[in-house]
Amino acid sequence: MIDKNTGKPYKPTPAYFIGCFDTYDREETLGKTLNKYNPNDMSDRKYLIKTYSIGKKQNLSYKHKWLLFKSLEDALNCSDYDFQSILKNDENELFFLPWEWDIKDPRGFFEEILKIAKEEWKDDLEKASKEDPSTW
C-alpha cells in the first residue's frame, strides 16, 4: 500500500492518530483552539478524537483505515507498549502537543481512539476485514 500523501509505503503507527494535534509553528492558531479542551476530561477527549483524530482521516481509503486501526489495536494488545513516548514533545521531529495538555493516562487515551475508530469506521473496517491485506 502506498501513502497517497507521500507516495511512500504506508506503514502506520499509533502516532498517526495524534499528528492532528501537532501545534509546532501553529501555537497561535491550532494551539489556542486545542488548549480550550482538556484531553483528560472524557467529554472533551471524545470531541477531540472524533473531530481531529478520526474526523481528519475520513479521506483515507477503507484499506488505509484498516491498516491504521490494526496498528493501534496491535499496540494496545502489547502490555508494555510505551504510549507515553508518542505523546512527548519532540524537537527533533518538530512535534509538539498543545502546551497546556498533560495526558494523565496515555494508554487510556489511545484506547478511546480505538473505541471511537471502531464506531466511526465500522463499515470501512468490515469491508476491509473481508479482504486479504497481503494482496493490497
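Which residues line the second largest pocket? Let me take that one first. The lining consists of Asp3, Asn5, Thr6, Tyr10, Tyr16, Lys56, Lys57, Asn59 and Leu60. A pocket here is an open set of points on a 1 Å grid over the protein atoms alone, where a 1.4 Å probe fits, with protein on both sides within 12 Å along at least five of seven lines; lining residues have an atom within 4 Å of a point.

A word on the source. This is a predicted model, where local features need pLDDT of at least 70 and side-chain atom pairs 80 or more, while totals for chains, interfaces and linings use all residues. Numbering runs from 1 along each chain as its sequence is written, and side-chain values use heavy atoms, without hydrogens and water.

Back to that second pocket. Its volume, the space filled by probe spheres set on the points, is about 200 Å³.

Now the largest pocket. It holds about 310 Å³. Its lining has 14 residues. Nearest the centre lie Ala15, Tyr16, Ile18, Gly19 and Phe95.

Next, helix α1, residues 27-34. Helices are DSSP runs (H or I, at least four residues), numbered from the N terminus. Leu30, Gly31 and Leu34 are buried, meaning under 20% relative accessible area with a 1.4 Å probe, protein chains only. They sit on the same side of α1, because they cover an arc of only 95° around the axis. That arc is taken from the directions from the helix axis to the C-beta atoms. On the other side, Glu28 and Thr29 are exposed, that is, over 50%. What covers the buried residues includes α2, residues 42-54.

Key
Helix = DSSP H or I, 4+ residues; strand = E, 2+ residues; numbered from the N terminus. Contact = heavy atoms within 4.5 Å.
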